[in-house]
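Dear colleague,

I am passing on the structure below, together with some notes on what was found in it. Please look through it before reading further.

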Amino acid sequence: MYDTVVEYNNISTGITLNKTTDELVVGDTDTLIAAVTPDDIASKGVTWSSSDSSVASVDKTTGKVTAVSAGTVTITATTIDGKTQACTINVKAQIDTTAVLTLKMVDGSLEKYYLSKSGVDDFVTWYKNRSNGTGNAYYVFTAKPTPPYTYETHTVAFDKIVSYEIQE
């Protein structure tokens, strides 16, 4: 009977991130993903850090970034043996709301979205195009819901909308 000895490499040769730049709005989150090479390294774990947590914080084990305030920040992933890779994140202030878009839905409910003028324009263009048979079957809002909630993403299917109203 033979004993098998398996040796694991403990030195990384590199680290890459799924993004080197990103743009978020205050309140948004995104998760960065690190890939450590080589494949047979014993530990592929990384530690995450932020150059300024008042602009964007990062979970030190998962890479989940949360935008805190407007500005630019560098999020860095560091391997156990000290190799680093960084992502520059530009955090923008929350969009000022200038209009309320109210959707009357097929089920009788009303959905309200607080949008910028360009957000309303984008929706109206999508709705008109979809009415003419072109474009996606759904629209994705990144909108500010009724306070105290923060920005969120919401998807609405065209065939679930009866009508819409815009109040400025």
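**What was found**

Buried residues, meaning those under 20% relative accessible area with a 1.4 Å probe and protein chains only (exposed is over 50%, partly exposed in between), make up 31% of the 168 residues in the protein chain. This is a predicted model, in which local features need pLDDT of at least 70 and side-chain atom pairs count only at pLDDT 80 or more, while totals for chains, interfaces and linings use all residues. Residues are numbered from 1 along each chain as its sequence is written, and side-chain values use heavy atoms, with hydrogens and water left out.

The protein chain has one helix and 14 strands, taken as DSSP runs (helices H or I of at least four residues, strands E of at least two) and numbered from the N terminus.

Ser43 sits in the loop between β4 (34-37) and β5, and it counts as partly exposed because its relative accessibility is 33%. Although Ser43 and Ile80 are 37 residues apart in sequence, their C-alpha atoms are 7.7 Å apart in space.

With kind regards
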